[in-house]
Amino acid sequence: MTQQTSGLIHGLYAEGEPIQDTKAPPGPVADRWNTRKFEAALVNPANRRKLSVIIVGTGLAGGAAAATLGEAGYHVKSFCYQDSPRRAHSIAAQGGINAAKNYKEDGDSVFRLFYDTVKGGDYRSRESNVYRLAEVSANIIDQCVAQGVPFAREYGGLLDNRSFGGVQVSRTFYARGQTGQQLLIGAYQALERQIAAGTVEMFSRHDMLEVIVADGRARGIIARDLVTGEIETHLADAVVLATGGYGNVFFLSTNAMGSNVTATWRAHRKGAYFGNPCYTQIHPTCIPVAGEHQSKLTLMSESLRNDGRIWVPKRAEDCDKDPRQIPEEDRDYYLERIYPSFGNLVPRDIASRAAKNVCDEGRGVGPKVGDFRRGVYLDFTDALRRMSKEAVAEKYGNLLDMYQQITGENPYEVPMRIYPAVHYTMGGLWVDYDLQSSIPGLFVAGEANFSDHGANRLGASALMQGLADGYFVLPNTIRDYLAKGPFQKLDESDESVVEAKASVDARLARLLEINGDRTVDSFHRELGNIMWEYCGMERSEEGLLKGIDLIRALRDEFWRNVRVLGAADTLNQSLERAGRVADFLELGELMCIDALHRRESCGGHFRAESQTEDGEALRHDDEFAYVAAWEWGGDNGGAPILHKEDLVYEAVEMKQRSYK
Amino acid sequence: MNLTLKIWRQAGPRAKGEVVTYPVTDISPDMSFLEMLDVLNEQLTARGEEPIAFDSDCREGICGMCGLMISGKAHGPEVTTTCQLHMRSFHDGDEITVEPWRADAFPVIKDLVVDREAFDRIIQAGGFISANTGAAPEAHSVPVPKPKADRSFMAAACIGCGACVAACPNASGMLFLGAKITHLGELPQGQPERDARVVAMVNQHDHEGFGGCTNIGECSLACPKEIPQDVINQLNQDLRRALSHGL
């Protein structure tokens, strides 16, 4: 553990030694990946089968990595909590995947995709990682097409593209409104092929509950078979976590109900640093909350902003009128008004905050929830006039149908209503250029790591990162680590294994013994409300301090008063959820502490105390151009320790973002 | 609205199951069917009764994890997934039966949760294109005519929920199978393995205990992604072709 260099700050955290990424080679950013691949050690094909890797999560990053490493000849064990790897939440991504193919000849290039992503992330991501992402993006499309992913095509048989928020070129490849589904099925099929070939062993309906760290290296996991309840030990030469994001800390989010932080949080408690936990992306185009029993929020693809126009009434007194009765001159197309060059296609953080602002002014539309209307119109009337109903249906039909299914309103007749919702978390476990965490042998891929999106993620780039990590980056970097293996044989009697297993058993037993008065979900909802109120779209010092107190009190009550029925040796969904909520209750506090210490506004982090005169986010590069990598403070209530990784920009100049 | 639910409870794979009646009150028409079950489970937990186990995950109609027989219909009265079925599809005072998917190849694990791994094993038998990572040709080197690409996409929209099997009186998985055969068979990339794929997948389908197709058509009517029945014709055509090639 690192020495603390100062006392407690705000009584909440301490600052430790700086940290740095030592794996990205020096030299021009465009050469770094080739250099790293060349320098990484090789493993002879005959030796690969002696090496084993555990991969937790079967989404785009985990599924692609398992398939690729299996195909390369390593022995892979793959885990997911769902009944089939095909159900990972990557499946829900709608709009598309970016790639620097320049098929439209509209000025796109690897450098431009890199530049847009760094700028879009508000200069809080790592240059070398982002450049690599842009570089391999074109290979992803080739790979997926070869697997049979049915991307949209033009009549000449070639691939079609569209554009997405925050960029001015058409570089997004898509499969109607279900691009994530189709890409995931491609990875899933590649994975099933390896399962049939015997290189990958699949463990579905398994929850990873602990990491095994022996002699300072990650060597395995403790998992619970969700059907039988059996606690299993799985050992390997390296462990990959590709377990997605933690947006469900807010309870209501666009994440799948089962998405959780347990794998990365357990790893954090074992020594893996957590990078930028407070960076949450709020997505501007979700279906607004309808009632208090709602279990999740549904995203409407951002691609709708290509043709839909966003507006609210100019006057608050018009807000309860039928929108079709409000004449053009009484409508405020506020994005087109404030940001004329990007209009409705401004990046997600800008669009989200603008929607919040007009609703806060009292110009929100739709039903009142409490005493407040949370909604703005996303109107297809112009597009229907310009393009014909058939053309709109061809492009967006399934999204519009989905909207109608959920709200009971027909978007071809009445403008849709949207409101921002928690969607993606840019924070995650800290990794170096090799995607290795601060625990040797523990690699982290996709949304579970922090590295590529900075403080805000541009649309159509999450799928790109998941597949880049899984198909192309990790298989090259983990090889360098595995070349030093196989590591000393570990058996189940090793102290590290016994301890990890005992801690899991004890935790499950404790959850079942409390037998209090409140359900797991009631705690989760309350935590979500605290997080949204104090650590959501807009944060302030006062609010965050209050949020931390509230979370601590709630966590204390949870461990005294939660009610989990049933037993541990059977399928027990309350027990599964209880363990996850317990981890969210710890993560929530760290998110607030991270948000508190970052006294600037950037990307998905709007700090009320730091704004320009016209209410735009104000960054402070002189103070905060670093990654905040948090070290676990210890089980006995120790405060978390902040390690700063300075962000150095050589290829792009840091500028205040402007989309005006 | 107030409803009477009759729900299948089964403690484990070998336990004897039974239908248990639960009244629920104050259900909003804007709730999804699964949110209504969440409310019931909160009440059961408060009373000290074990909540009802059911599968769900994305709750936006795309992951395919949820699936219930609702008053005898797969996913219920609307053509959608259970998570996207809203209570506005029911009436105050309705009695609703809720059962797990019915098929030998989908054994019950607990209450409303079934094991659908048979579908994964069918994909393992050949539901893929063998393309090693990193060796793919440039994407534009293989044009695909738009009608074929569109038909491929239509079939690829299958979410593997299993409603087709549950709806079929023979518990056949032919719609699921036909969808994959059509998705890959419409693409130039899928041709080299086309014959071998269909034979291996059909063999695995039968081995898993799914029934044969007798063209009843319930599968397609129940499919939340509206996969048309003609993917089964495609499957049969491909199978005949493969057999005529001596496979």
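The model is predicted, so local features need pLDDT of at least 70 and side-chain atom pairs count only at pLDDT 80 or more, while totals for chains, interfaces and linings use all residues. Residues are numbered from 1 along each chain as its sequence is written, chains are lettered from A and ligands numbered from 1 in the order in which they are written, and side-chain values use heavy atoms, without hydrogens and water.

**The interface**

Display both chains and select the residues of chain B in contact with chain A (heavy atoms within 4.5 Å). The selection holds 73 residues of chain B, facing 74 residues of chain A. Between the two chains about 6100 Å² is buried, 51% of it from carbon and sulfur atoms; this is the accessible area (1.4 Å probe) lost on putting the two parts together, summed over both. In chain B, B:Glu60, B:His140 and B:Phe153 lose the most area to chain A, together 12% of what that side buries.

Next, select B:Glu60 and A:Lys296, which form a salt bridge with the closest N and O atoms 2.7 Å apart. The term requires a side-chain nitrogen of Lys or Arg within 4 Å of a carboxyl oxygen of Asp or Glu. Between chain B and chain A the count is 5 salt bridges.

**Helix H3 of chain B**

Select residues 146–156 of chain B, helix H3. Helices (H or I, at least four residues) and strands (E, at least two) are DSSP runs, numbered from the N terminus. Among the residues buried here are B:Lys146, B:Ala149 and B:Phe153. Buried means under 20% relative accessible area, exposed over 50%, and partly exposed in between (1.4 Å probe, protein chains only). The cover over the buried residues of H3(B) includes H6 (179–197) and H11 (389–407) of chain A, together with H5 (174–185) and H8 (230–244) of chain B.

**Aromatic pairs in chain A**

Over all chains, 25 aromatic pairs are found. Rings of Phe, Tyr and Trp (its six-membered ring) pair if their centres lie within 6.5 Å; planes under 30 degrees apart count as stacked, over 60 as edge-to-face and the rest as tilted.

Select A:Phe151 and A:Phe173: their ring centres are 6.2 Å apart and their planes at 65°, so the pair is edge-to-face. A:Phe151 lies in the loop between helix H5 (127–147) and strand E5 (172–173) of chain A, and A:Phe173 in strand E5, so the pair ties together parts 22 residues apart in sequence. A:Phe151 is buried at 2% relative accessibility, as is A:Phe173 at 0%.

Move to A:Trp311 and A:Tyr377, a tilted pair at 4.7 Å centre to centre with 40° between the planes. A:Trp311 belongs to strand E13 (residues 309–313) and A:Tyr377 to strand E17 (residues 376–379) of chain A.

**Salt bridges in chain A**

Select A:Arg309, also in strand E13, and A:Asp382 in helix H10 (residues 381–387), 73 residues apart. Their salt bridge has its closest N and O atoms 2.6 Å apart. A:Asp382 is partly exposed, at 25% relative accessibility.

Then select A:Asp332 and A:Arg363, whose side chains meet in a salt bridge (3.0 Å, N to O). A:Asp332 lies in strand E14 (residues 331–332) and A:Arg363 in helix H9 (residues 348–363). Both residues are buried.

Finally, select A:Arg309, A:Glu328, A:Arg331, A:Glu336, A:Asp379, A:Asp382 and A:Arg385, which salt bridges with shared partners join into one network.
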